[in-house]
Amino acid sequence: MEFSSRARQRHARLAGDRREQYPHSLQFYLEPPTESISLVEFESFAIDRLKLLKVVENLGVSYVRSSDAYKTKLEAELRKLKFPYRALAEDDYEARRKDHISHFILRLAYCQSEDLRRWFLQQEMDLFRYRFNELTENLMQKFLEHVNLSFEAIGEDLKNQLANELIASTPGFTLPKVKEQMFYKVGLADAVDLFRARRVFIKDGFAFVPFKEIDVIVLNNYRTKLSKALALTARSLPSIQSDERLQPLLNHLSHSYVGPDYSIQKNTGKISLEQIDALSVKSFPLCMRQLHRALRESHHLRHGGRMQYGLFLKGIGLTLEQALEFWKKEFIRGKVDADKFDKGYAYSIRHNYGKEGKRTDYTPYSCMKIIMSNPPSQGDYHGCPFRHSDPELLKQKLQSYKIPPSGIAQIDDIGFSLNHPNQYFTESQKLLNGGREPKKEFNNSGNFQQKNNSQESINSSSTPASSNEKADTELEGLEAYFAED
């Protein structure tokens with residue numbers, strides 16, 4: 001009994017230390033972690049948070065952020081990846097620890113360029129908004145005190161005195177709502193966004209903010225702190241880059257694609273060669289539409305274009321036989337005769353489909369892969385038009401596709417969450433077919449090409465570590481076969 005009592009005391013003391021370390025399920029991530037962790041845990045935590053932020057990004061496009069569907073799906077992902085999701089839980093030390101450490105790891109990975117910083121900041125903001133709004137009023141108040149944002153609540157006498165002004169200045173408020181809602185007296189500098197949107201009453205340099213709007217101020221405060229922290233972290237990068245253990249991991253994380261790799265073609269055989277021209281206009285992303293058009297006009301693509309476009313076509317469902325026929329027909333219309341095609345190009349296409357060499361099942365390129373590797377040079381048509389094209393030339397191209405000026409401006413401004421060309425194709429087809437998948441089409445031989453590759457069983461949600469290692473290995477073997485122009 002004495003041993004049991006000591007064990008309970010030690011457990012209680014440990015629990016108290018843990019609660020003191022992470023007193024709240026939410027934080028501004030002001031203090032970096034100081035404990036030692038293994039490289040395995042380092043990468044595991046980072047990959048899980050990256051998956052979470054990608055889900056946040058995709059849900060933000062598919063659903064209204066305050067909707068029940070958005071909240072339900074995001075909570076499910078938080079549960080699945082074991083991040084904090086229950087504000088009242090006292091036994092979620094491991095989840096809070098993972099949340100803390102993983103944030104700082106990705107901060108290191110995503111501070112390396114302006115684009116990476118912008119993306120990380122936006123997703124972390126959306127995640128924080130969801131978690132903050134899930135807190136009860138009591139827990140919100142405790143959190144505000146925890147991060148030194150304890151604003152002064154106005155008394156009932158002052159609220160009654162300003163009732164008419166509060167009703168007039170706060171959209172959707174009536175006298176009963178004003179009486180039941182708590183208002184805070186906040187410095188104007190902290191409430192600039194609310195002031196600009198004419199959503200608060202201003203007097204003597206203070207904004208009178210209803211409790212339901214306090215999240216705007218908290219989020220602005222968090223954005224400012226995180227933005228400064230990312231800039232400071234970027235300045236410290238040289239010392240981190242000298243660590244041979246960390247730098248490859250950080251580079252890998254910042255270039256990772258964690259969505260489906262489209263290696264398992266559910267649409268195999270559903271696309272006929274006769275459909276490709278029409279599909280290129282209706283459902284191809286701009287990068288693939290550009291490659292298709294260049295191929296039709298010049299009857300040739302250099303090796304970067306063949307790799308990018310060939311794997312995309314494989315991903316939308318072209319069988320090996322269809323791919324060989326498609327490329328051969330187009331190339332022999334140019335300067336390549338049938339014999340030269342069979343000797344110089346057919347092998348590489350079969351290699352693409354895992355039928356030659358190491359029999360690796362090559363996967364279509366993600367947007368990140370296209371952007372970060374093998375930028376196009378003069379005479380090339382591969383790459384990402386939104387990153388590798390001159391802005392004016394890009395606008396001209398969009399205008400040639402009959403996109404109105406308002407649409408072009410919207411494309412320039414939109415924060416797009418699609419991050420794979422094949423994802424674009426799939427979503428476009430769903431939209432055009434009312435949510436249904438495209439109908440199955442027989443190829444010219446009347447049969448469907450079935451994959452017998454041993455990697456067929458790989459789940460499309462495999463970890464980015466394995467998929468990126470796989471992609472890097474693929475590149476080494478594949479580029480040699482596409483080297484001939």
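## A buried aromatic pair

Trp327 is buried, with a relative accessible area of 5%; buried means under 20% relative accessible area, exposed over 50%, and partly exposed in between (1.4 Å probe, protein chains only). Phe331 is buried as well, at 0%. Both residues lie in helix α17 (residues 320-331), and because they are four residues apart, about one helical turn separates them. An α-helix has 3.6 residues a turn, so residues three or four places apart point the same way.

The rings of Trp327 and Phe331 form an edge-to-face aromatic pair, with 5.9 Å from centre to centre and 75° between the planes. Rings of Phe, Tyr and Trp (its six-membered ring) count as a pair if their centres lie within 6.5 Å; planes under 30 degrees apart are stacked, over 60 edge-to-face, and the rest tilted. By this rule there are 26 aromatic pairs.

## The model and its confidence

This is a predicted model, in which local features need pLDDT of at least 70 and side-chain atom pairs count only at pLDDT 80 or more, while totals for chains, interfaces and linings use all residues. Residues are numbered from 1 along each chain as its sequence is written, and side-chain values use heavy atoms, with hydrogens and water left out.

The predictor's confidence in each residue is the pLDDT, on a scale from 0 to 100. The chain has a mean pLDDT of 79, and 80% of its residues reach 70 or more. Over residues 10-16 the pLDDT is below 50, and this stretch has zero contacts in the model beyond near neighbours in sequence; a contact means heavy atoms within 4.5 Å. Residues 440-485 also have pLDDT under 50, but for them the model has 99 contacts beyond four places in sequence. Where pLDDT is low, the predicted coordinates should not be read in detail.

## The chain as a whole

The chain holds 25 helices and four strands. Helices (H or I, at least four residues) and strands (E, at least two) are DSSP runs, numbered from the N terminus. Of the 485 residues, 47% are buried. Among contacts with a separation of 6 or more, 73% are between residues 24 or more positions apart.

The chain exposes about 25600 Å², of which carbon and sulfur atoms supply 51%. This area comes from the Shrake-Rupley method with a 1.4 Å probe; for residues, only the protein chains shown count as cover.

## The sheet

The four strands form an open sheet in the order β1-β2-β4-β3, with antiparallel pairing. Two strands pair if DSSP finds at least two bridges between them. At the edges are β1 (152-153) and β3 (201-203), each of which pairs on one side only.

Three antiparallel bridges join β3 to β4 (residues 206-210). Ile202 stands opposite Ala207 in β4.

## Helix α6 and its cover

In helix α6 (residues 137-146), the residues Leu139, Met140, Phe143 and Leu144 are buried. Because they cover an arc of only 145° around the axis, they are on the same side of α6. The arc is that of the directions from the helix axis to the C-beta atoms. The cover over the buried residues of α6 includes α5 (114-133) and α11 (214-235). After α6 comes Asn148, which has a positive phi, near 60°.

## A buried histidine

His103 belongs to helix α4 (residues 93-109). Is His103 buried or exposed? His103 counts as buried because its relative accessibility is 0%. Apart from neighbours within four places in sequence, His103 is in contact with Tyr29, Arg49, Phe120, Glu124, Tyr222 and Leu226.

## Two loop residues with positive phi

Lys82 lies in the loop between α3 (68-81) and α4. Its phi is near 65°, a positive value in a residue other than glycine. With a relative accessible area of 61%, Lys82 is exposed.

Arg198 sits in the loop between α10 (192-196) and β3. Arg198 is not a glycine, and its phi is positive, near 55°. Arg198 is exposed, with a relative accessible area of 72%.

## The aromatic cluster

Which residues form one aromatic cluster? They are Phe284, Tyr309, Phe312, Phe326, Trp327, Phe331, Phe341, Tyr345 and Phe425. Phe341 and Tyr345 are both buried.
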